[in-house]
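Have a look at the sequence and the 3D view before reading on.

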Amino acid sequence: VETEGEMDKPEVRISVRNLVEFILRSGDLTTAGRGALDPDSMQKGSRLHRKIQKQKGTEYQAEVPLKSRREFEDLFLTVEGRADGIFTGKDGVWIDEIKGTYSDISKMEEPAAVHRAQAMCYGAIYAEQNGLSSIGIQITYADLETEQTRYFREVLTIEELQIWFLHLTEEYHKWESFHLKWIRERNASMEGLEFPFPYRTGQRDMVKNIYHSITVHKQIFIQAPTGVGKTMSAVFPSIRAVGQGMADMLFYLTARTITRSVAEEAFEILSGKGLRFKSLTITAKEKICLNDKTECDPEHCPYAKGHFDRVNDAVFSLLTMDIPYIRENLRDHAARWQVCPFEMSLDLASWLDAVICDYNYVFDPDVYLKRFFGENQSGRHIFLVDEAHNLPERGREMYSAAISRQAVLDFRRQIKKANPRLYKSVDKVNKALRAIETECEEWETFPNAGSLPLMLLEVMGEMERMLEDGIPKDLEEAFMDFYFMVRSFLNISELVDDQYVIYARRSPEDKVLFKLFCVNPAGNLQKRLDKGICTAFFSATFYPLSYYRKLLSTREDDFGTYVRSSFAQENRCILTGLDVSTVYRRRGYEEYRKIAEYIARAVWRKKGNYMAFFPSYKMLSEVYEIYQNEFSASWVRCICQTQDMRERDREDFLREFRAQKDTLLGFCIMGGIFSEGIDLAGESLIGVIVVGAGLPQVGAEREILKEYYSKRGLDGFAYAYRNPGMNKVLQAAGRLIRTKDDV
């Protein structure tokens, strides 16, 4: 949206493609989109576009920019784009719309509705601007593999095109008009809006620093100890910046579900103070799905059948409702409209002021929100990255990819009879991996991925063809799992640079795993963050700050600050047991018995709730057994974190601490679900025991990290082991200090 000064009306700009794909979409929701391998299919499509255009001769104008501007009572709407081609034939002027496809073009009976609509938009604009009474539209389909072409042609009068185009723009105006009214209402609600609490120590500084970073379009790293009130301190200045026109939207990014609820609460508190601000919490597809099993296919899901016929009406209806956009409300609304709740929520996000979501919806190359962060997409976004100490490891995961020989063998066996051509392509990959496996003892690094990406590209081409023809029911699950593994590997292979190490590792479950390992995710993360105007990274455990800055940002001018703690030092007691160790060579009964005794003597001193954090499940179980056999007391009840805990189990585990009246001792894992993000204030938790330094286990990737950073003149051991380990210690201890009144 741009302000049109002389007429005092805003101007809304939209591309022809986005307009028709939004207003005219229809049909079913399906599992895998065609041409899902974005880099390759886009490059092939562009090359074929240019080739077709060059073959047309001098009468053919390629890539012709066209624009139509229409005035409404409350705004100007500009529709713009580039026609692939315009040419004059014996029977008049023609608009050419070229589309590359993997589909069998010989079986096509008519052009896709949105492709025809794009050509009609260009036809309407060109015919009106050039005084034509009629114009021809031609949709050219080109097979991306064979380069064969097929044409669909028709001639339309200027009258029918104008009526159709008028209706299309009026439909879109409805959405933008509603959105502009909402922005005025939202901004008016911020007049006189104050910070909702008395400022704590350090809190005012955090608010000022984030607001200043937004005004100058910089990134900021903030170490803010527990109890400062980080969430509200980040949300409040960001909301004010949106209201003052400095930004359009904010994204609150978290690593865990539980911290999303804290962000929701911050928006609710400000809403109670009169703020009008629409925010959405994006819930994972599997958790919001209305079916028992998530199958995004019209044959299995009634909400996928005809989803696009109804979703726009569902979203507009939702926008007019004054309700929180949380999982329960979204599910209920989607059920009423018979649409997919997950896809509906993504469409809804485009019209809101804030989105609360997991990191992967911004950063993950497989699932990021393309409507906000795709190619040639950017906006005036503010990113608030909570628990940002988690992002380096998550970034490494998201920007790494691997191919397993065992997975290749399993798929090859399943596909043999169904598709011999695909079987042959997959077998080439198997042979290449087998050669690597033969030479690899434990793990080994490589200068590049060799010919593997080219082989997988051939596999992907065969899989795309099979997708078009239809997959046998008994192969669907195996096919899609392998498809996404190959797609991920190929997409990540496009990103490989000096921030990657390529290695192979032998293991019983994989035979050999060939991995593109992103050792430093900063460059990839930065590309996504550059889509916005400001990022605030904040955490209670951001020490040393220089370590995190190197892993999260490539900018040299980022701000950094340490916020003072509001917690009184006289309210805490830190005790250290120096005569025990968790190093591997000392692990055993004697050492574990000392640890169990320390825990027992700590919890016996004062009635209340305690948590003991261990570096591994194995050590937890060993110490727990000794504790129960030799130190258990009738007045202490013990509960244990387990590896297979579901969401309800986790909630029940935490509920025990909030309800317990006597002494409760929880055995937990450092770096696990109970060592970060949980809030047990006051008497809910009075003591924490941290066992060991939480160092990651020695392994291929840790050693690769150590070597990578050592070669660059940095402390490799700190990057690979010490800093991640001590962060777990600080996070676990931080469960204890939740409010300034805790003791």
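## The largest cavity

Sort the lining of the largest cavity by class and you get 11 nonpolar, 2 polar and 2 charged residues. Here Ala, Val, Leu, Ile, Met, Phe, Trp, Tyr, Cys and Pro count as nonpolar, Asp, Glu, Lys and Arg as charged, and the others, Gly among them, as polar. The space inside comes to about 100 Å³. Of the 15 lining residues, the closest to the centre are Cys 289, Asn 291, Cys 296, Cys 301 and Cys 340. Helices α8 and α11 (341-349) each bring at least two residues to the lining. A search of the whole structure turns up 1 cavity of 30 Å³ or more.

Grid points are joined across faces, edges and corners, and the volume is the space filled by probe spheres set on the points. Rolling a probe the size of a water molecule over the atoms shows where empty space is left.

## Where the model comes from

This is a predicted model, in which local features need pLDDT of at least 70, side-chain atom pairs count only at pLDDT 80 or more, and totals for chains, interfaces and linings use all residues. Residues are numbered from 1 along each chain as its sequence is written, and side-chain values use heavy atoms, with hydrogens and water left out.

## A helix on the inside

Helix α6 covers residues 230-243, and at 1.5 Å a residue its 14 residues should span 20 Å; the end C-alpha atoms are 20 Å apart, which agrees. The expected span is 1.5 Å times one less than the number of residues. Helices (H or I, at least four residues) and strands (E, at least two) are DSSP runs, numbered from the N terminus.

Is α6 enclosed or open? Since 14 of its 14 residues are buried, α6 is largely enclosed by the rest of the structure. Buried means under 20% relative accessible area, exposed over 50%, and partly exposed in between (1.4 Å probe, protein chains only). Just after α6, Gly 245 takes a positive phi of about 80°.

Gln 118 sits in helix α3 (residues 113-129) and counts as buried, at 4% relative accessibility. Leaving out residues up to four places away in sequence, Gln 118 touches Val 16, Arg 17, Val 20, Glu 97 and Lys 99, where contact means heavy atoms within 4.5 Å.

Lys 293 is exposed, with a relative accessible area of 52%. You'll find Lys 293 in the loop between α8 (285-288) and α9 (307-319).

Most residues other than glycine have a negative phi, and most peptide bonds are trans. His 217 isn't a glycine, yet has a positive phi of about 60°. This His 217 lies in the loop between α5 (203-215) and β8 (219-223) and is partly exposed at 41%. Glu 387 also has a positive phi, near 45°; Glu 387 is in the loop between β12 (381-385) and α14 (391-398) and is buried, at 8%.

Which peptide bond is cis? The one from Tyr 543 to Pro 544 is, with omega near -5°. Pro 544 is in the loop between β17 (534-539) and α20 (545-552).

## Salt bridges

How many salt bridges does the structure hold? There are 42, each one a side-chain nitrogen of Lys or Arg within 4 Å of a carboxyl oxygen of Asp or Glu. Glu 80 and Arg 13 form one of them (3.1 Å, N to O). Glu 80 is in strand β4 (residues 76-89) and Arg 13 in strand β2 (residues 9-15), so the pair ties together parts that are 67 residues apart in sequence.

Another salt bridge joins Arg 421 and Glu 462, with the closest N and O atoms 2.9 Å apart. Arg 421 is exposed at 54%, whereas Glu 462 is buried at 8%. Finally, salt bridges that share partners join Glu 11, Arg 13, Arg 69 and Glu 80 into one network.

Conventions: On a 1 Å grid over the protein atoms alone, a cavity is a set of points where a 1.4 Å probe fits but cannot get out, and a pocket is an open set with protein on both sides within 12 Å along at least five of seven lines; lining residues have an atom within 4 Å of a point.
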